[in-house]
Amino acid sequence: MQEKGWRSILLGEFVTLQRGFDITKKEQEAGPYKVYSSSGPNSTHSKYQVKGPGVIIGRKGTLGTAFYSDEDFWPHDTTLWVKDFHGNDPKFAYHFLKSMRLEQYDCGASNPTLNRNHIHLIPVSVPLVPIQQKIATILSTYDDLIENNFRRIKILEEMAQTLYREWFVKFRFPGHQKVKMVNSPLGKIPEGWGVKNLLDWVDVKYGKTLPKAMMEESAPYLVYGAAKVIGRYKEFNRERPTIITGCRGSCGQVTITRPKSFITNNSFFFDFDNKSFEYGYFLLGNRGLNDCIGGTAQPQITLESLSGIQVIVPSSTTLILFHELCEPFFRQMRVLSEKNDVLYKTRNLLLPKLISGELDVSELDITIPEANA
Amino acid sequence: MAVGNNNQIEKRLWDAADEMRANSKLKSSEYSIPVLGLIFLRYADQKFAVAQKELEGKGTGRRQVGKSDYQAKGVLYLPEAARFQKLLQKPEGANIGQAINDAMRAIEGENPDLKDVLPKTFNRLENSSLVELLKIMASIPMDIEGDAFGKIYEYFLGKFAMAEGQKGGEFFTPTAIVKLIVEILEPFHGRIFDPACGSGGMFVQSARFVETHKKNPSAEISIYGQERVAETVKLCKMNLAVHGLAGDIRQGNTYYEDLHNSPGKFDFFLANPPFNVDRVDKDRLKDDPRFPFGLPKVDNANYLWIQIFYSALSKNGRAGFVMANSAADARASELEIRKKLIQDRSVDVMVAVGPNMFYTVTLPCMLWFLDKGKKGTERQEKVLFLDARHIYRQIDRAHRDFTPEQIEFLANIVRLYRGEKPENQHGSAKMMAEKFPEKKYVDVPGLCKVATIKEIEAQGWSLNPGRYVGVAEGEADDFDFKERLQELNEELETLNVEARQLEEVISINTIQILES
């Protein structure tokens, strides 16, 4: 049934798509304008081809992607860009194109490809512009907040990291002026600090085997494979957030799990105590474990290969102080990333209902984050 | 703010008023305007009483002392119903809220300038609370001098801003920042404009500046303001009245409405616009003469504000305003606008201010000073960069300000740069002697640097003082770490503010969808 204020047209009548402009990596000189390829804005250039705001979708290689740009930009040859919005709302067009699952119109022989002449003929149902704006506003608010949360997580980690470097790499921790530097197997370190074998200092254990078939999409707890989430399961084997690294397949990357997670035997977990947790995370992350990777068929790290690692163990006062300062950063990062999960879910629940008109917003007084003076 | 010095009256009053609020069910925002209204009433009454004494017996048989005699003295005429004593003497059980509302109406009736400005919502407060509040206000000693009432009003404004959190920031710029802007701008004479005027702090400090330089503000400056929030417009008008000032304050959204037809009209321009505002509808700004350098492409209003300030200046006009740090280094289309502004030889002084100066956000900020009159002077090819991030007084864990001495010191550096004589009303001579022993302007690493337009071009048209001023000796080690952490913190704070707005919008929208 056709909702009030909606009309059935062809995609080409909604937006006119145009193939992007060829430019090699070599020809690009870093500049203020983003170059969009089918997988996103991966580089910049000193010139632009299209004035913003604009919408770009993947044409070759990666299909089904869509990007929105406020600023002027350069759409790469591997993309299609909207040449004419026909008066439609650009933000809405972005959400609409993104929701169309355009990868299903692949017509490439070996490399996935979209043909604009084909997809121009897809019948679509779109609302009038005022409704478009409402829908775009609702969805964009979620996107904006998710993006905001991601950036905050990154900044919070960088702030804590900056502090780590200042204290533990440059040894400019509180009170350092009064501490003598002494020799150690790892170079000069402050007096009262020590050098220990990693395995003597912290318990390192394998996770538990969990066959893929046992995992369930709707289960409550995250399952970590090689330092990556690979599914969900009805039980967890670690209550607290835990520092892990992949030990089979992809190795060496250090990650912190969510609380109540299931860690499989493709990861090691490092059982730092509370006061060493944040230090331990940066210590392992900054040092990296690439030098421990061995294995013949596939890369792997064994407990044995970790046994040679020596690390600096700061004085307990400094460790505790660092923990007290950094723990809120880590907690906030966790809260933000859990928030993003909820925002994603909500947005994905709303998206199809809004784009199809099933959820009628024409009568709603949708708040637009306002410009205030 | 009262910091351990002798202005304890306002602190005592605040504590009493705040305790009363804590015991009521009122939110700070419901409480603030009536309380500020009562301070206003008490002040008007005080001035009226003094005038009344002076006018006593001046009447003759033929001519009674009347309203015009009071107005001639610059005093608001108070009808009988609006006298403070009358309200205090109301018998127990009388409807005090109604009585105060009537008093406010009576004042407005006699003084058309205040029409629809004074609060008339006193009957929302409980009778007992009002009696208590009246008593608190009555405890202000009658013999306090000068601008004490104005200071009390300002103190309360500041405290309410703190109590109301983010929203409160809308009507209050910390006094220390305002004072520094005024001291550097030196608005001695002419038309003063603030299109984001909030509660009018910029005007009040400008008038005070004129006064401390032994002139009569009412004769020297005329005040023009615009403010978006109607309630805040009223606060501003009351604030001006409490300070004995008159001004043309209008309500409107400055992005879309220029109610004072501002281009080319104003000698001084002071403002603290909101930072990094997005979603201004730029289609509505096309062909607006206030944006001579073009509209920025990004969704950020900073460079709209900067141009509104620039274009409002008269031929020799000066502007001083608060800006988000990011604007000084912003790129792409914003860089183009900044470049034009610098090439126009209008940018005069840039001051970097450290974090924690504002009540509600910890963000650092920058002060921009434009001077259209610098063309053809010594300063034409130069810009003064001041790094004041290391200069502050810690008030409490989360708040800082400048001491009067520090403000004078910073303003004196600008005076030296302009070839003016440094002042010493607040004891800055010692700081001056230490840094500028020759009594002439010199570049001081970590503090100040005069850069040429060429040097600025070489820095990619950046107006960030940190890039030019360098670091003082002995601080270099710390510099990278602190600089970096500060940058990150600024970005985080900006995102936090944005996130709060988004969260609010999401929750409102969701409720709507659920209820539809």
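**Close-up views of a predicted two-chain model**

**View 1. A cis peptide bond in a loop of chain A.** P53(A) sits in the loop that links β4 (40-45) to β5 of chain A. This is a predicted model, and in it the bond joining G52(A) to P53(A) is cis, with omega at about -5°. For context, most peptide bonds are trans, and most residues other than glycine have a negative phi.

View 2. Setting aside residues up to four places away in sequence, R59(A) touches R19(A), S38(A), D77(A), T78(A), T79(A), L80(A), P112(A), T113(A) and L114(A).

**View 3. Helix α2 of chain A and the residue that follows.** Residues 90-99 of chain A form helix α2, which is mostly covered, with seven of its 10 residues buried. The buried ones are P90(A), F92(A), A93(A), Y94(A), H95(A), F96(A) and L97(A). Just past the end of α2(A), R101(A) adopts a positive phi of about 50°.

**View 4. Helix α6 of chain B.** Which residues of α6(B) are buried? They are S129(B), L130(B), L133(B), L134(B), I136(B) and M137(B). Viewed down the axis of α6(B), the buried residues fall within an arc of 160°, so they line one face of the helix.

View 5. The largest nonpolar core holds 53 residues, and L367(B) and F436(B) touch the most other members. Beyond its neighbours within four places in sequence, F436(B) contacts F409(B), I413(B), L416(B), Y441(B), V442(B), V444(B), L447(B) and C448(B). Another core, of 52 residues, lies apart from this one, and L13(B), I107(B), Y153(B) and F172(B) are among its members.

**View 6. Positive phi values in chain B.** A332(B) is a residue other than glycine with a positive phi, near 55°, and is found in helix α13 (residues 332-343). K439(B) also has a positive phi, near 60°, but is placed in the loop between α15 (429-435) and β11 (448-452). K439(B) is exposed, with a relative accessible area of 68%.

View 7. How many disulfides does a search of the whole structure find? The search over all chains returns zero. Among the cysteines, C107(A) is partly exposed at a relative accessible area of 39%, whereas C365(B) is buried at 1%. Stepping back, chain B contains 18 helices and 11 strands, and 53% of its 516 residues count as buried. Of the contacts in chain B between residues at least 6 apart in sequence, 71% join residues at least 24 apart. The accessible surface of chain B is about 22600 Å², with 48% of that area belonging to carbon and sulfur atoms.

Definitions and conventions: Residues numbered from 1 in each chain as written. Chains lettered and ligands numbered in written order. Predicted model: local features only at pLDDT ≥ 70, side-chain atom pairs only at ≥ 80, totals over all residues. Heavy atoms only, no water. Core = buried A, V, L, I, M, F, W, Y, C linked by side-chain atoms within 4.5 Å. Buried < 20%, exposed > 50% of the residue type's maximum accessible area, 1.4 Å probe, protein only. Contact = heavy atoms within 4.5 Å. Helix = DSSP H or I, 4+ residues; strand = E, 2+ residues; numbered from the N terminus. Arc of directions from axis to C-beta. Disulfide = S-S within 2.5 Å. Areas by Shrake-Rupley, 256 points an atom, 1.4 Å probe, with all protein chains shown as cover.
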